[in-house]
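Colleague: Could you take me through the salt bridges here, and through the burial of the residues that form them?

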Amino acid sequence: SKHCRHLHFECLQGNFEWISMGRPMVANFEKELNEMEEGRRLGTALNWNLDYVKNLTNKAIRRLDKVRLKHKKAAMLLVTKNLKDAEKAEKWLSLNHPDKKVVVVHSDSQEDAQDVLDNFDESDAHICICVDMVTEGVDIKRFRVIVYATNKLSRLRFNQTVHRGTRRMGDDDIVCYVFIPCDKRALRFAKELLDEVFEDVD
């Protein structure tokens, strides 16, 4: 629609190693696992002490840089599963992308979080790191790139987060780029969302 951006999903493959019940496990996202091991694989992928989630974020930042050439106010939303991850992400960004202004939003109070987000919307900061729960009710048109770096994978949570990037700012502002792990649930939610959003386009 003329008010909504199209969604463009990009996922990143990876190989992961973790210990399960004392046994070493190795798998990429394509390997079939039971639900518990799928969760451990995704948890490993999103561990900020390892490379995968940083590579996913780097990919998103390269996209943000391209988008900002045309849309100077474009920003990125990075969703983490908890405050500890948000702080690790912020530290990593400050070391590896010192040119990017980063704001972290976390709060027990939705009102306080909303104040920080309102300030972010008015600022020229590049990246907003949001702890999972704070994404509800957020309405910032500057979000053109989203990184879904939380293992809290419910359809509702996923859709709420992705929709943060669909409000358009102008006529030529037509795409939101969403970076997700190649976890099969995330891919399924992405496909369902695309089918839903574009069902009347065929």
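Modeller: Before we begin, helices are DSSP runs of H or I with at least four residues, and they are numbered from the N terminus. Please keep in mind that this is a predicted model.

Colleague: Which helix holds both Arg188 and Glu192?

Modeller: Arg188 and Glu192 form a salt bridge, with the closest N and O atoms 3.9 Å apart. The two residues are separated by about one helical turn, because they lie four residues apart in helix α6.

Colleague: How far apart in sequence are the parts that the pair Glu10 and Arg63 ties together?

Modeller: The closest N and O atoms of Glu10 and Arg63 are 3.6 Å apart, and the two residues form a salt bridge. Since Glu10 lies in strand β1 (residues 6-12) and Arg63 in helix α2 (residues 52-70), the parts tied together are separated in sequence by 53 residues.

Colleague: Which residue is linked with Glu10 and Arg63 in a network of salt bridges?

Modeller: Within this group, Glu10 counts as buried at 17% relative accessibility, whereas Arg63 is partly exposed at 23%. The residue linked with Glu10 and Arg63 in the network of salt bridges is Lys59.

Colleague: Is Asp183 buried or exposed?

Modeller: Asp183 forms a salt bridge with Arg185, their closest N and O atoms being 3.5 Å apart, and Arg185 counts as partly exposed at 21% relative accessibility. Buried means under 20% relative accessible area. Asp183 has a relative accessible area of 0%, so Asp183 is buried.

Notes:
Residues are numbered from 1 along each chain as its sequence is written. This is a predicted model: local features need pLDDT of at least 70, side-chain atom pairs count only at pLDDT 80 or more; totals for chains, interfaces and linings use all residues. Side-chain values use heavy atoms; hydrogens and water are left out. A salt bridge is a side-chain nitrogen of Lys or Arg within 4 Å of a carboxyl oxygen of Asp or Glu. Buried means under 20% relative accessible area, exposed over 50%, partly exposed in between (1.4 Å probe, protein chains only).
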